[in-house]
Amino acid sequence: MQAIMLKAKLHMARVTHAVLNYEGSCAIDGDLLDMAGVREYEQIQIYNVDNGKRFTTYAIRGEEGSKIISVNGAAAHQADVGDRVIICAFANYAESELASHKPSMVYLMEGNEVSHTANAIPVQMA
């Protein structure tokens with residue numbers, strides 16, 4: 001049996017560009033891609049915290065150190081510059097991998113600076 005699990009997450013990234021007339025995708029600072037373990041052209045889900053829109057696209061490599069999060073093409077209608085987004089990548093894992101699987105999560109502050117990283121989400125209390 002296999003399961004689709006969270007592979008990586010960039011939490012509370014700020015959209016820096018929304019470019020309608022650009023080849024579709026989402027450009028992400030290459031350093032952030034590497035830190036999260038997201039590959040160029042990998043499918044990603046984007047959840048817009050500010051407007052509630054959720055959409056699927058793929059990651060392309062942005063300039064390293066630029067802090068760019070550019071939502072491009074048709075997806076540019078889903079986010080405005082300054083919106084907070086959560087960017088997730090998922091992958092298939094074999095049953096034998098599930099017990100030890102830990103996603104790579106990168107938490108961001110204003111300016112898309114890294115606050116911290118983690119491999120688990122804290123238990124939500126009632």
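These legends accompany close-up views of a predicted model. Residues are numbered from 1 along each chain as its sequence is written, and local features need pLDDT of at least 70, while side-chain atom pairs count only at pLDDT 80 or more. Totals for chains, interfaces and linings use all residues, and side-chain values use heavy atoms, with hydrogens and water left out.

**View A. The open sheet has nine strands in the order E2-E6-E3-E5-E4-E7-E1-E8-E9**. Strands are DSSP runs of at least two residues, numbered from the N terminus, and two of them pair if DSSP finds at least two bridges between them. The pairing is mixed, and because E2 and E9 (114-118) stand at the edges with a single partner strand each, one side of each is left without a neighbour in the sheet. From one strand to the next, the twist averages 30°, with axes fitted to C-alpha atoms and angles running from 0 to 180 degrees between N-to-C directions.

**View B. Strand E6 (residues 69-72) has buried side chains pointing both ways**. Ile69 and Val71 point one way, whereas Ser70 and Asn72 point the other; buried means under 20% relative accessible area with a 1.4 Å probe, protein chains only. E6 pairs with E2 (residues 17-19) in the parallel sense over three bridges, Ser70 being the bridge partner of His17, and runs antiparallel to E3 (residues 25-29), to which four bridges join it.

**View C. Lys9 lies in strand E1 (residues 2-14)**.

How values were computed. Buried < 20%, exposed > 50% of the residue type's maximum accessible area, 1.4 Å probe, protein only.
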